[in-house]
Amino acid sequence: MRKTIAEKILSKHAGKEVRAGEIVVAEVDFVLAQDGTAPLAIQAFQEMEGRKVFDKDKVTFIIDHNSPSPNQRVSSLHKTMREFSREMGFPIYDVGEGICHQVIMEGRHALPGQLVVGADSHTCTYGALNCFSTGVGSTDLAASLISGKLWFKVPGTMKFILKGKLPAGVYSKDMILYLIGERGAEGANYKAIEFTGELINELSVESRFTITNMVVEMGAKVGIMNVDDKTREWIKEHSNLSALSLYPVEADEGAVYEEVLEYDFSSLEPQVAKPHRVDNVSPVGEVAGKKIDQAFLGTCTNGRLEDLRVAAGILKGREVHPEVRFIVAPASKEVFLKAMREGIITVLIESGAAVINPGCGACVGTHAGVPANGEVVLSTANRNFKGRMGNAKASIYLASPATVAASAIEGKITDPRKYDRGQSTEDR
Amino acid sequence: MKLTGKAYKFSDDINTDLIISGRYKFSTLDMKELAKHVMEDVDPEFSQKVKPGESFIVAGRNFGCGSSREQAPLAIKEAGVVAVIAQSFARIFYRNAVNVGLTVLEGDTGGIEEGDCLEVDLEKHLIRDEDKKKEIKIKPLPEIMVRVLAEGGLAAYFKKYGGFKLP
Ligand code: SF4
């Protein structure tokens, strides 16, 4: 039986050969929840009369969504999480550690060929490491905390073959925004996506994360890539284990795909998603000149070292527009430290940025950068839904770190190619 | 089993932030409080208008896209909405709804209008629009979801069976 990556990983974890469309109960390798979902999961755990977690080395909580806590009510939910984890004996990533998806990958809790579930919709990010990872709700999560298992419908797979060479000033964020605009918010609903092609190999692993992070904005269950030398390097760099064995999974020749699509990105332009839909995408030229009040660089989509580096490259020796608030949130403590050592943080602060602690920050609208009525925000995040940043009367545009940095300088949406001559694709 | 009630109509792509905003959902597990703000950013009066036990949310495509937070289906359920009927659902929301015991039905909602009286026959997989005198087919749920819903949600199901039992 020739299989896709999704079929292979689910077959292995279900202990039998399965095909797209089947419903299976599979063993999971890792389970996580964040502070927006863990409190409900604890409640469901208790309702299910759970006594302990299936394996305390395969479970964690991350406090990132409201971190540090903005008010007393959130604080008491955080306390519940800390108490639960202590009682169950598993470690948590507390305030300051970073965004769940970044710390999970840095902490090598998501590896090639594994099956991971997280109570957060962007859990699909780890697909760039060849991991079948997907977002679930709190009740599903509670069930897997107790049993180490979950039921899955084996998804059909779409294959995206990505080709060409990205022009200077154009990044993987522009690629995925373009694809979402093309396919629509529902364009891959319930599906797995396999990303292949020479352009994927060209991209850095961090750039690949940006792509798999956003597959859920097309409705996909997971976006998966193959393992190459860059993947191995990245994992090694973040792993304490020197001789870590990896079990990457590749699709069989002749596996059945629901659709195979080819894209050549050689002449792609920087892309922007306009309010209030992620699939409302156009080339930056169409919205250039739109005045912005706030620029936000961060999130699990684009808060990594190379993202901060690109922004600093553009902002070095320049100043953020006086009428723009430029907020920067590194994705994790590790990213923050590396960016400090490289001098990136200094450049950003000198240019006028307000750097906040690692975490979700302004992304979900609970604290650290809620816009005022009528204000316009340009963000590197993955969602621009009405009310997303905490105010339904504000508008959010999404773009790459380069576009956000260039726009922060000019005070209006700006084509970054004016400032960004690009590095070699190798560095992206 | 039959469900009856009035239709409250919504558009395509109603996301979880619109169902219940981050302004409220992070700071409490009190669903009664969240229910007061359900759908607020689309229709500020929704929570006052719905009659518990006799209201349906009827929507277009991709209902519930966005985050994985179960506060969305829970707040809808707590507001007394009998079922959500949509042309299609986002994956995580669909699962979460069933897991918390909120009935979700997939069918062609195009002809249903705000205020229409609906009767849903879960056994026959049919919605009857009394005002339009029309019947709409509903896509059947996978067997495991039918069982979870029959128990009132995954927590009760899990307690009863001690784990996942595939039909
Ligand atoms: S950064 Fe934003 S999208 Fe990513 S996990 Fe945090 S809240 Fe979710």
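Modeller: A polar contact is a pair of N or O atoms within 3.5 Å; within protein, one must be able to donate a hydrogen and the other to accept it. The model discussed here is predicted.

Biologist: How many residue pairs are in polar contact across the interface of chain A and chain B?

Modeller: Apply that rule across the interface of chain A and chain B. Both residues of a pair must be at pLDDT 80 or more. The rule then finds 19 residue pairs.

Biologist: Which element gives the most to the side of chain A that touches chain B?

Modeller: Several elements of chain A supply at least two residues each to that side. Among them are the strands β1 (23-27), β6 (132-135) and β7 (149-153). The helices α2 (38-47), α3 (72-88) and α5 (138-147) are also among them. With six residues, the one that gives the most is α5(A).

Biologist: Which residue forms a salt bridge with K159(B)?

Modeller: A salt bridge needs a side-chain nitrogen of Lys or Arg within 4 Å of a carboxyl oxygen of Asp or Glu. The count between chain A and chain B is six. In the bridge to K159(B), the closest N and O atoms are 3.9 Å apart. The partner is E49(A).

Biologist: What is the area buried between chain A and chain B?

Modeller: The contact takes 51 residues from chain A and 44 residues from chain B. Carbon and sulfur atoms give 57% of the buried area. The total is about 4000 Å².

Biologist: Why is chain B as compact as a globular protein of its length?

Modeller: Chain B holds eight helices and seven strands. For 167 residues the globule rule gives 15 Å, and chain B comes close to that, so it is as compact as a globular protein of that length. Its radius of gyration is 15 Å.

Biologist: What share of the 167 residues in chain B is buried?

Modeller: Buried means under 20% relative accessible area. By that cut-off, the buried share of chain B is 60%.

Biologist: Is helix α1 of chain A mostly covered or mostly open?

Modeller: The helix runs over residues 5-14. Its buried residues include I5(A), I9(A) and L10(A). Helix α1 of chain A is mostly covered.

Terms used. Residues are numbered from 1 along each chain as its sequence is written. Chains are lettered from A and ligands numbered from 1 in the order in which they are written. This is a predicted model: local features need pLDDT of at least 70, side-chain atom pairs count only at pLDDT 80 or more; totals for chains, interfaces and linings use all residues. Side-chain values use heavy atoms; hydrogens and water are left out. Contact means heavy atoms within 4.5 Å. Buried area is the accessible area (1.4 Å probe) that two parts lose on being put together, summed over both. A polar contact is a pair of N or O atoms within 3.5 Å; within protein, one must be able to donate a hydrogen and the other to accept it, and residues adjacent in sequence count only if both atoms are side-chain atoms. Helices (H or I, at least four residues) and strands (E, at least two) are DSSP runs, numbered from the N terminus. The radius of gyration is taken over C-alpha atoms; the globule rule is 2.2 Å times the number of residues to the power 0.38. Buried means under 20% relative accessible area, exposed over 50%, partly exposed in between (1.4 Å probe, protein chains only).
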